[in-house]
Amino acid sequence: MAWRNINGVQGTFRRVLLQPAAFCTTVGACGFVGAAYVSLPSTRGQAADGYLSAKKRLWQRHDSDPIDFIKNAWSSMTRAQKVLGWITAVNVGVYAMWKVPRLQGMIRGTFLHQPFSGKLRQLVGCHVSHQSLPHLGFNMLALWSFGTPVAHMMGTEQFLGFALGAGMSSAFASQLHSVVTGCSIAGLGASGVLMGVIGVFAMTHPNATVYVPFLPFISGTALQALGCIVAVDVLGIALGWRMLGHAAHLGGSAFGVAYCYFHGDILFQRLRRSLYQLQKSIN
């Protein structure tokens, strides 16, 4: 999540901290329960579909029609990749709206987290919002790199519930940092959610080799990479850096690590079973 200074007025403690805390907790919990409910018709294994049969592979089709090309590309994707495709499409759509002058009022009121504005919807909307193309491109590239294996491992429904929870944790962390420091700073970007995904990847694939973007000669393990990012964010908060949303990054990464440490996957499966039993009793 990137940050920029704005002029803001501090509100009451309830308005700027308690209400955001309740909102983030409620949205995150409802998203997790909703994801578990949506996943009921299929098993976890079915939700984490592997690649489609070779007959449907893109490289086996040679249609010249661009529409057919897009359809074939889409059909060759796994469910995990399709979910990431939809997430990317939403982020690109919001980025395009930032370029429309007439939409600035709506965009700033919904997709820009302004800590002391009292607009709770910004705590959700800011995670799919980017004002610059490099910011959008870097976040989406990293999301595809780390999100593909994580979404495939979790299954699409659980991944979406997890991503929403990571976003809420990230948003509240940035809100809390603003209230504690008394500094009104606006933030936007998917990096809070991305840090949650990286946290899960590092915990489940600690020895996987990762590379610094555009610097392939610099590499390390996933766990080392997570440690370096967290160290930079902690240093950024301590020194008052404003280039990046360091508190939001820490909130996202903490959620990802905690999700693995406290066995969020097991909790999700137990919730699915409970909802399934409830559904059967009602029917």
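Helices (H or I, at least four residues) and strands (E, at least two) are taken here as DSSP runs, numbered from the N terminus. This is a predicted model, in which local features need pLDDT of at least 70 and side-chain atom pairs count only at pLDDT 80 or more, while totals for chains, interfaces and linings use all residues. Residues are numbered from 1 along each chain as its sequence is written, and side-chain values use heavy atoms, with hydrogens and water left out.

**Largest pocket**
- A pocket is an open set of points on a 1 Å grid over the protein atoms alone, where a 1.4 Å probe fits, with protein on both sides within 12 Å along at least five of seven lines, and its lining residues have an atom within 4 Å of a point.
- The largest pocket is lined by 33 residues, and Phe-138, Met-195, Ile-198, Pro-213 and Ile-229 are those nearest its centre.
- At least two lining residues each come from helix 7 (133-154), helix 9 (191-204), strand 3 (209-212), strand 4 (215-221) and helix 10, with helix 10 giving the most, eight residues.

**Second largest pocket**
- Twenty residues line the second largest pocket, of which Ile-87, Val-128, Ala-163, Leu-164 and Val-193 lie nearest its centre.
- Helix 1 (13-38), helix 4 (79-98), helix 6 (122-125), helix 7 and helix 8 (156-181) each give two or more residues to this lining, and the largest share, seven residues, is from helix 8.

**Helix 10 against helix 11**
- In helix 10, residues including Leu-226, Val-230 and Asp-233 take part in a contact (heavy atoms within 4.5 Å) with helix 11, where the partners include His-246, Leu-250 and Val-257.
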